[in-house]
Amino acid sequence: MSATPPTAAPPPASGRLLSLDVFRGVTVAGMLLVNDPGSWSAIYPPLRHAAWHGWTPTDLIFPWFLFIVGITTHLSLSARRKRGDDERALARQVLRRGAVIVLLGLLLSAFPFVPLERIAQLRIPGVLQRIGVVYLCTGLFVLRAPPRAQWIATTVVLAGYWLLLALVPVPGVGAPALAPPDATLAAWLDRKLLGAHLWRETQTWDPEGPLSTLPAIATALLGVAVGRTLTRAEPLPGRLNRLVGWAALGILLGLAWDRMFPINKNLWTSSYVVFTAGTACAGLAACIWLVDERRITWWTGPFVAFGVNPIVAFVGSEMVARLIYSVIEVPYAGDTVALQTAVYRAGFASWLPPRAASLAFAIAFTAVWYVPLAALYRRRIILKI
(Lines give C-alpha, C1' and ligand atoms only; values in the text may rest on other atoms or scores of the structure.)
Protein backbone atom coordinates (compact mmCIF):
# COMPACT_ATOMS: atom_id res chain seq x y z
CA MET A 1 0.00 0.00 0.00
CA SER A 2 1.53 3.30 -1.06
CA ALA A 3 1.49 6.33 1.23
CA THR A 4 2.38 8.75 -1.57
CA PRO A 5 -0.37 11.37 -1.93
CA PRO A 6 -1.58 12.61 -5.29
CA THR A 7 -0.19 15.95 -6.39
CA ALA A 8 -3.48 17.52 -5.35
CA ALA A 9 -6.26 16.32 -3.15
CA PRO A 10 -9.05 14.54 -5.03
CA PRO A 11 -12.37 16.34 -5.02
CA PRO A 12 -13.94 16.14 -1.58
CA ALA A 13 -16.90 13.93 -0.86
CA SER A 14 -20.21 15.48 -1.74
CA GLY A 15 -21.30 18.24 0.59
CA ARG A 16 -17.91 18.70 2.26
CA LEU A 17 -15.77 21.83 2.26
CA LEU A 18 -12.22 21.02 1.16
CA SER A 19 -10.65 23.97 3.01
CA LEU A 20 -12.45 22.99 6.23
CA ASP A 21 -11.28 19.39 5.90
CA VAL A 22 -7.74 20.67 5.33
CA PHE A 23 -7.90 22.88 8.43
CA ARG A 24 -9.27 20.01 10.50
CA GLY A 25 -6.56 17.73 9.10
CA VAL A 26 -3.85 20.19 10.14
CA THR A 27 -5.38 20.21 13.62
CA VAL A 28 -5.64 16.41 13.91
CA ALA A 29 -2.12 15.83 12.55
CA GLY A 30 -0.84 18.41 15.03
CA MET A 31 -2.63 16.54 17.81
CA LEU A 32 -0.85 13.29 16.93
CA LEU A 33 2.47 15.10 16.63
CA VAL A 34 2.38 16.62 20.12
CA ASN A 35 0.81 13.58 21.79
CA ASP A 36 3.44 11.06 20.67
CA PRO A 37 7.02 12.28 21.18
CA GLY A 38 9.93 9.90 21.33
CA SER A 39 10.72 11.10 24.85
CA TRP A 40 8.62 13.32 27.12
CA SER A 41 11.85 14.61 28.66
CA ALA A 42 13.17 15.96 25.35
CA ILE A 43 10.61 18.19 23.64
CA TYR A 44 11.04 21.51 21.85
CA PRO A 45 9.21 24.27 23.84
CA PRO A 46 6.59 25.04 21.13
CA LEU A 47 5.51 21.38 21.28
CA ARG A 48 4.84 21.53 25.03
CA HIS A 49 1.72 22.84 26.72
CA ALA A 50 2.19 25.98 28.80
CA ALA A 51 2.94 25.02 32.39
CA TRP A 52 -0.07 27.03 33.61
CA HIS A 53 -0.83 30.62 32.50
CA GLY A 54 0.17 31.51 28.95
CA TRP A 55 0.10 29.54 25.73
CA THR A 56 2.19 27.73 23.14
CA PRO A 57 1.23 26.55 19.63
CA THR A 58 0.34 23.20 21.22
CA ASP A 59 -2.34 24.91 23.32
CA LEU A 60 -4.19 25.93 20.15
CA ILE A 61 -4.90 22.39 18.96
CA PHE A 62 -7.77 21.31 21.23
CA PRO A 63 -9.76 24.58 21.01
CA TRP A 64 -9.31 24.59 17.24
CA PHE A 65 -10.88 21.15 17.13
CA LEU A 66 -13.84 22.25 19.27
CA PHE A 67 -14.19 25.36 17.12
CA ILE A 68 -14.42 23.09 14.07
CA VAL A 69 -16.99 20.96 15.93
CA GLY A 70 -19.11 24.10 16.14
CA ILE A 71 -18.71 24.83 12.42
CA THR A 72 -19.61 21.29 11.37
CA THR A 73 -22.55 21.22 13.80
CA HIS A 74 -24.07 24.17 11.98
CA LEU A 75 -23.29 22.71 8.54
CA SER A 76 -24.67 19.28 9.42
CA LEU A 77 -27.89 20.50 11.04
CA SER A 78 -28.51 22.98 8.21
CA ALA A 79 -28.03 20.27 5.56
CA ARG A 80 -30.39 17.87 7.33
CA ARG A 81 -33.01 20.59 7.73
CA LYS A 82 -32.85 21.22 3.99
CA ARG A 83 -33.42 17.50 3.42
CA GLY A 84 -36.62 17.76 5.43
CA ASP A 85 -35.60 16.26 8.79
CA ASP A 86 -37.76 17.48 11.65
CA GLU A 87 -36.48 18.82 14.98
CA ARG A 88 -36.98 15.52 16.78
CA ALA A 89 -34.85 13.65 14.24
CA LEU A 90 -32.12 16.27 14.53
CA ALA A 91 -32.21 16.11 18.34
CA ARG A 92 -31.95 12.30 18.24
CA GLN A 93 -28.91 12.59 15.96
CA VAL A 94 -27.21 15.01 18.34
CA LEU A 95 -27.99 12.87 21.38
CA ARG A 96 -26.76 9.70 19.69
CA ARG A 97 -23.53 11.22 18.38
CA GLY A 98 -22.74 12.94 21.66
CA ALA A 99 -23.35 9.76 23.65
CA VAL A 100 -21.21 7.65 21.30
CA ILE A 101 -18.28 10.08 21.51
CA VAL A 102 -18.45 10.12 25.31
CA LEU A 103 -18.65 6.30 25.37
CA LEU A 104 -15.61 6.07 23.09
CA GLY A 105 -13.74 8.33 25.49
CA LEU A 106 -14.61 6.17 28.49
CA LEU A 107 -13.62 3.00 26.63
CA LEU A 108 -10.35 4.65 25.67
CA SER A 109 -9.74 5.50 29.34
CA ALA A 110 -10.08 1.79 30.13
CA PHE A 111 -7.99 0.58 27.17
CA PRO A 112 -6.22 -1.85 26.92
CA PHE A 113 -7.41 -3.18 30.24
CA VAL A 114 -8.33 -1.96 33.69
CA PRO A 115 -7.89 -4.32 36.65
CA LEU A 116 -11.07 -4.73 38.66
CA GLU A 117 -9.52 -2.99 41.62
CA ARG A 118 -8.92 0.12 39.47
CA ILE A 119 -12.44 0.47 38.06
CA ALA A 120 -13.28 2.75 40.99
CA GLN A 121 -10.42 5.06 39.92
CA LEU A 122 -11.16 5.08 36.19
CA ARG A 123 -10.85 8.62 34.86
CA ILE A 124 -14.23 10.01 33.86
CA PRO A 125 -13.22 13.27 32.11
CA GLY A 126 -11.07 13.21 28.99
CA VAL A 127 -10.57 14.74 25.55
CA LEU A 128 -13.25 12.68 23.78
CA GLN A 129 -15.60 13.03 26.73
CA ARG A 130 -15.29 16.81 26.51
CA ILE A 131 -15.81 16.75 22.75
CA GLY A 132 -18.95 14.64 23.18
CA VAL A 133 -20.42 16.83 25.92
CA VAL A 134 -19.60 20.03 24.05
CA TYR A 135 -21.13 18.71 20.83
CA LEU A 136 -24.25 17.50 22.64
CA CYS A 137 -24.83 20.78 24.49
CA THR A 138 -24.02 22.92 21.46
CA GLY A 139 -26.16 20.89 19.07
CA LEU A 140 -29.23 20.81 21.29
CA PHE A 141 -28.92 24.53 22.06
CA VAL A 142 -28.56 25.74 18.48
CA LEU A 143 -31.52 23.59 17.42
CA ARG A 144 -33.78 25.85 19.49
CA ALA A 145 -31.93 29.14 19.88
CA PRO A 146 -31.71 31.75 17.11
CA PRO A 147 -28.33 33.38 16.36
CA ARG A 148 -29.00 36.36 18.65
CA ALA A 149 -29.69 34.05 21.59
CA GLN A 150 -26.52 32.10 20.79
CA TRP A 151 -24.43 35.27 20.95
CA ILE A 152 -26.06 36.28 24.23
CA ALA A 153 -25.46 32.82 25.73
CA THR A 154 -21.81 32.86 24.64
CA THR A 155 -21.28 36.29 26.20
CA VAL A 156 -23.02 35.29 29.45
CA VAL A 157 -20.97 32.09 29.75
CA LEU A 158 -17.65 33.84 29.16
CA ALA A 159 -18.39 36.81 31.43
CA GLY A 160 -19.97 34.62 34.09
CA TYR A 161 -17.06 32.19 34.13
CA TRP A 162 -14.63 35.09 34.51
CA LEU A 163 -16.57 36.54 37.45
CA LEU A 164 -16.98 33.10 39.02
CA LEU A 165 -13.26 32.34 39.06
CA ALA A 166 -12.22 35.90 39.86
CA LEU A 167 -14.68 36.69 42.66
CA VAL A 168 -15.92 33.52 44.35
CA PRO A 169 -13.81 32.41 47.34
CA VAL A 170 -12.51 28.84 47.07
CA PRO A 171 -13.50 26.61 50.02
CA GLY A 172 -10.40 25.71 51.97
CA VAL A 173 -8.43 28.53 50.35
CA GLY A 174 -10.46 31.47 51.60
CA ALA A 175 -10.13 33.72 48.58
CA PRO A 176 -10.56 33.53 44.80
CA ALA A 177 -7.53 31.85 43.23
CA LEU A 178 -6.28 31.22 39.69
CA ALA A 179 -3.09 29.48 40.88
CA PRO A 180 -1.67 27.08 41.88
CA PRO A 181 -3.65 24.49 39.86
CA ASP A 182 -5.15 22.68 42.84
CA ALA A 183 -6.28 25.90 44.57
CA THR A 184 -8.80 27.13 41.97
CA LEU A 185 -12.57 26.90 42.18
CA ALA A 186 -12.51 24.57 39.17
CA ALA A 187 -10.12 22.21 40.99
CA TRP A 188 -12.25 22.26 44.14
CA LEU A 189 -15.33 21.34 42.09
CA ASP A 190 -13.36 18.61 40.29
CA ARG A 191 -12.53 17.01 43.62
CA LYS A 192 -16.09 17.37 44.94
CA LEU A 193 -17.78 15.90 41.86
CA LEU A 194 -15.22 13.40 40.57
CA GLY A 195 -13.35 12.21 43.65
CA ALA A 196 -10.96 9.45 42.62
CA HIS A 197 -11.97 9.69 38.94
CA LEU A 198 -9.56 12.57 38.24
CA TRP A 199 -6.55 12.83 35.96
CA ARG A 200 -4.02 10.43 37.48
CA GLU A 201 -1.15 12.87 36.87
CA THR A 202 -2.48 15.12 39.61
CA GLN A 203 -5.42 13.54 41.46
CA THR A 204 -6.27 17.06 42.68
CA TRP A 205 -7.69 18.66 39.51
CA ASP A 206 -8.54 17.72 35.93
CA PRO A 207 -7.78 19.65 32.74
CA GLU A 208 -11.12 18.48 31.29
CA GLY A 209 -13.12 19.01 34.48
CA PRO A 210 -16.83 19.93 34.66
CA LEU A 211 -16.56 23.66 35.33
CA SER A 212 -14.06 24.39 32.55
CA THR A 213 -16.30 22.52 30.11
CA LEU A 214 -18.75 25.46 30.21
CA PRO A 215 -16.40 27.90 28.40
CA ALA A 216 -15.41 25.04 26.08
CA ILE A 217 -19.05 25.05 24.92
CA ALA A 218 -18.60 28.75 24.17
CA THR A 219 -15.67 27.82 21.91
CA ALA A 220 -18.00 25.59 19.88
CA LEU A 221 -20.71 28.27 19.79
CA LEU A 222 -18.20 30.69 18.27
CA GLY A 223 -17.53 27.99 15.69
CA VAL A 224 -21.27 27.83 14.96
CA ALA A 225 -21.20 31.58 14.24
CA VAL A 226 -18.37 31.05 11.76
CA GLY A 227 -20.34 28.19 10.21
CA ARG A 228 -23.14 30.66 9.50
CA THR A 229 -20.62 32.95 7.81
CA LEU A 230 -19.35 30.13 5.61
CA THR A 231 -22.88 29.45 4.35
CA ARG A 232 -23.88 33.07 3.73
CA ALA A 233 -25.15 33.95 0.27
CA GLU A 234 -22.19 36.22 -0.28
CA PRO A 235 -19.16 36.12 -2.60
CA LEU A 236 -16.15 34.31 -1.18
CA PRO A 237 -13.99 37.46 -0.75
CA GLY A 238 -16.65 39.00 1.47
CA ARG A 239 -16.86 35.92 3.69
CA LEU A 240 -13.09 35.76 3.81
CA ASN A 241 -12.87 39.39 4.89
CA ARG A 242 -15.33 38.69 7.71
CA LEU A 243 -13.15 35.81 8.92
CA VAL A 244 -10.03 37.95 8.86
CA GLY A 245 -11.82 40.69 10.79
CA TRP A 246 -13.01 38.23 13.41
CA ALA A 247 -9.52 36.79 13.64
CA ALA A 248 -8.02 40.19 14.41
CA LEU A 249 -10.80 41.03 16.88
CA GLY A 250 -10.53 37.71 18.72
CA ILE A 251 -6.75 37.77 19.01
CA LEU A 252 -6.62 41.40 20.19
CA LEU A 253 -9.52 40.99 22.63
CA GLY A 254 -8.06 37.76 24.02
CA LEU A 255 -4.65 39.34 24.57
CA ALA A 256 -6.24 42.37 26.25
CA TRP A 257 -8.40 40.16 28.48
CA ASP A 258 -5.30 38.14 29.37
CA ARG A 259 -4.13 41.05 31.54
CA MET A 260 -7.15 40.59 33.84
CA PHE A 261 -8.02 36.91 33.31
CA PRO A 262 -4.91 35.04 32.09
CA ILE A 263 -4.97 32.84 29.02
CA ASN A 264 -4.94 29.33 30.46
CA LYS A 265 -5.77 26.08 28.67
CA ASN A 266 -6.27 23.95 31.78
CA LEU A 267 -8.83 26.38 33.18
CA TRP A 268 -10.13 27.12 29.64
CA THR A 269 -10.36 30.76 30.66
CA SER A 270 -12.59 33.20 28.80
CA SER A 271 -9.55 35.04 27.42
CA TYR A 272 -8.29 31.68 26.13
CA VAL A 273 -11.64 31.04 24.40
CA VAL A 274 -11.63 34.39 22.61
CA PHE A 275 -7.93 34.30 21.73
CA THR A 276 -7.97 30.74 20.36
CA ALA A 277 -11.18 31.43 18.41
CA GLY A 278 -9.37 34.36 16.81
CA THR A 279 -6.41 32.18 15.87
CA ALA A 280 -8.80 29.53 14.53
CA CYS A 281 -10.44 32.14 12.30
CA ALA A 282 -6.99 33.14 11.06
CA GLY A 283 -6.01 29.54 10.33
CA LEU A 284 -9.28 28.77 8.56
CA ALA A 285 -9.07 32.02 6.57
CA ALA A 286 -5.58 31.06 5.42
CA CYS A 287 -6.84 27.65 4.27
CA ILE A 288 -9.82 29.18 2.44
CA TRP A 289 -7.60 31.75 0.74
CA LEU A 290 -5.09 29.15 -0.42
CA VAL A 291 -7.51 26.35 -1.33
CA ASP A 292 -10.72 28.08 -2.46
CA GLU A 293 -9.54 31.52 -3.55
CA ARG A 294 -6.11 30.83 -5.07
CA ARG A 295 -6.77 27.13 -5.90
CA ILE A 296 -3.38 26.08 -4.53
CA THR A 297 -4.24 22.50 -3.59
CA TRP A 298 -1.11 20.45 -4.34
CA TRP A 299 -0.25 20.26 -0.62
CA THR A 300 -3.67 19.38 0.74
CA GLY A 301 -3.84 15.60 0.15
CA PRO A 302 -2.30 14.38 3.42
CA PHE A 303 -4.24 16.87 5.54
CA VAL A 304 -7.56 16.00 3.92
CA ALA A 305 -6.89 12.33 4.74
CA PHE A 306 -6.50 13.26 8.41
CA GLY A 307 -9.40 15.71 8.29
CA VAL A 308 -12.17 13.50 6.93
CA ASN A 309 -11.67 10.73 9.52
CA PRO A 310 -10.65 12.57 12.69
CA ILE A 311 -12.15 10.09 15.17
CA VAL A 312 -10.37 7.18 13.46
CA ALA A 313 -7.10 9.10 13.63
CA PHE A 314 -7.47 10.10 17.27
CA VAL A 315 -8.90 6.91 18.75
CA GLY A 316 -6.71 4.62 16.66
CA SER A 317 -3.51 6.52 17.40
CA GLU A 318 -4.29 6.67 21.13
CA MET A 319 -4.90 2.92 21.27
CA VAL A 320 -1.72 2.11 19.37
CA ALA A 321 0.30 4.56 21.46
CA ARG A 322 -0.87 2.97 24.70
CA LEU A 323 0.07 -0.46 23.40
CA ILE A 324 3.56 0.42 22.20
CA TYR A 325 4.39 2.87 25.02
CA SER A 326 3.44 0.65 27.94
CA VAL A 327 2.00 -2.78 27.08
CA ILE A 328 4.04 -4.46 24.35
CA GLU A 329 7.58 -5.16 25.54
CA VAL A 330 10.57 -6.44 23.58
CA PRO A 331 14.19 -7.30 24.39
CA TYR A 332 16.64 -4.49 23.65
CA ALA A 333 20.31 -4.09 24.61
CA GLY A 334 20.11 -6.82 27.21
CA ASP A 335 16.97 -5.43 28.83
CA THR A 336 13.20 -5.68 28.34
CA VAL A 337 11.68 -2.37 27.33
CA ALA A 338 8.48 -1.02 25.78
CA LEU A 339 8.30 -1.41 21.99
CA GLN A 340 8.23 2.37 21.57
CA THR A 341 11.39 2.75 23.66
CA ALA A 342 13.23 0.18 21.55
CA VAL A 343 12.17 1.82 18.27
CA TYR A 344 13.02 5.28 19.55
CA ARG A 345 16.45 4.34 20.84
CA ALA A 346 17.45 2.25 17.84
CA GLY A 347 15.93 4.33 15.07
CA PHE A 348 16.25 7.90 16.31
CA ALA A 349 18.13 8.50 19.58
CA SER A 350 21.12 6.50 18.31
CA TRP A 351 22.09 9.20 15.80
CA LEU A 352 20.13 12.39 16.59
CA PRO A 353 20.31 14.90 19.49
CA PRO A 354 17.59 14.23 22.11
CA ARG A 355 15.04 16.87 21.07
CA ALA A 356 15.51 16.23 17.36
CA ALA A 357 15.22 12.47 17.94
CA SER A 358 12.03 12.93 19.95
CA LEU A 359 10.48 15.12 17.24
CA ALA A 360 11.60 12.74 14.48
CA PHE A 361 9.82 9.86 16.25
CA ALA A 362 6.63 11.96 16.55
CA ILE A 363 6.79 12.86 12.85
CA ALA A 364 7.32 9.20 11.92
CA PHE A 365 4.41 8.10 14.13
CA THR A 366 2.14 10.68 12.48
CA ALA A 367 3.34 9.70 9.00
CA VAL A 368 2.65 6.02 9.66
CA TRP A 369 -0.93 6.91 10.55
CA TYR A 370 -1.28 8.67 7.21
CA VAL A 371 -1.09 5.31 5.42
CA PRO A 372 -4.42 3.82 6.63
CA LEU A 373 -6.12 7.22 6.61
CA ALA A 374 -5.07 7.80 3.00
CA ALA A 375 -6.34 4.33 2.07
CA LEU A 376 -9.74 5.12 3.60
CA TYR A 377 -9.91 8.46 1.82
CA ARG A 378 -8.98 7.04 -1.59
CA ARG A 379 -11.86 4.59 -1.24
CA ARG A 380 -14.18 7.42 -0.12
CA ILE A 381 -14.68 5.67 3.23
CA ILE A 382 -15.62 8.25 5.85
CA LEU A 383 -16.44 6.63 9.18
CA LYS A 384 -19.18 8.70 10.78
CA ILE A 385 -20.57 8.35 14.27
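1. Is Gln-203 buried, partly exposed or exposed? This is a predicted model, and in it Gln-203 has a relative accessibility of 35%. Gln-203 therefore counts as partly exposed, because that class covers values between the 20% limit for buried and the 50% limit for exposed.

2. Look at the backbone of Gln-203 next. Its phi is positive, about 65 degrees, although Gln-203 is not a glycine. Most residues other than glycine have a negative phi. Gln-203 sits in the loop between H6 and helix H7 (210-230).

3. Arg-295 also deserves a look. Its phi is near 60 degrees, a positive value in a residue other than glycine. Find Arg-295 in the loop between helix H9 (270-293) and helix H10 (301-308). Arg-295 counts as exposed, at 64% relative accessibility.

4. Now a peptide bond. The bond that joins Ala-179 and Pro-180 is cis, with omega about -5 degrees. Most peptide bonds are trans. Pro-180 is in the loop between helix H5 (147-167) and helix H6 (185-194).

5. The largest pocket holds about 1,800 Å³ of space. It is lined by 49 residues, and Arg-123, Trp-199, Glu-201, Glu-318 and Arg-322 are the closest to its centre. Helices H1 (18-35), H2 (61-82), H3 (87-110), H4 (127-144) and H11 (310-327) each give two or more residues to this lining. H11 gives the most, with 7 residues. By class, the lining has 28 nonpolar, 11 polar and 10 charged residues.

6. Aromatic rings come next. The whole structure has 14 aromatic pairs. One of them joins Trp-52 and Trp-205 edge-to-face, at 5.4 Å centre to centre and 80 degrees between the planes. Trp-52 is in the loop between H1 and H2, and Trp-205 is in the loop between H6 and H7, so the pair ties together parts 153 residues apart in sequence. Trp-52 is buried, at 10% relative accessible area. Trp-205 counts as buried, at 11% relative accessibility.

7. Trp-151 and Trp-246 form an edge-to-face pair, with 6.3 Å centre to centre and 80 degrees between the planes. Trp-151 is in helix H5 and Trp-246 in helix H8 (residues 236-257), so this pair links distant parts of the chain, 95 residues apart. Trp-151 counts as partly exposed, at 39% relative accessibility. Trp-246 counts as partly exposed, at 30%.

8. Tyr-325, Tyr-344, Phe-348 and Phe-361 form one aromatic cluster. Arg-130 lies over the face of Trp-268, at 5.2 Å from the ring centre. Arg-380 lies over the face of Tyr-377, at 5.2 Å from the ring centre.

Notes. Residues are numbered from 1 along each chain as its sequence is written. This is a predicted model: local features need pLDDT of at least 70, side-chain atom pairs count only at pLDDT 80 or more; totals for chains, interfaces and linings use all residues. Side-chain values use heavy atoms; hydrogens and water are left out. On a 1 Å grid over the protein atoms alone, a cavity is a set of points where a 1.4 Å probe fits but cannot get out, and a pocket is an open set with protein on both sides within 12 Å along at least five of seven lines; lining residues have an atom within 4 Å of a point. Grid points are joined across faces, edges and corners, and a volume is the space filled by probe spheres set on the points. Helices (H or I, at least four residues) and strands (E, at least two) are DSSP runs, numbered from the N terminus. Ala, Val, Leu, Ile, Met, Phe, Trp, Tyr, Cys and Pro count as nonpolar, Asp, Glu, Lys and Arg as charged, and the others, Gly among them, as polar. Buried means under 20% relative accessible area, exposed over 50%, partly exposed in between (1.4 Å probe, protein chains only). Rings of Phe, Tyr and Trp (its six-membered ring) pair if their centres lie within 6.5 Å; planes under 30 degrees apart count as stacked, over 60 as edge-to-face and the rest as tilted. A charge sits over a ring if NZ of Lys or CZ of Arg is within 6 Å of the ring centre and within 35 degrees of the ring normal.
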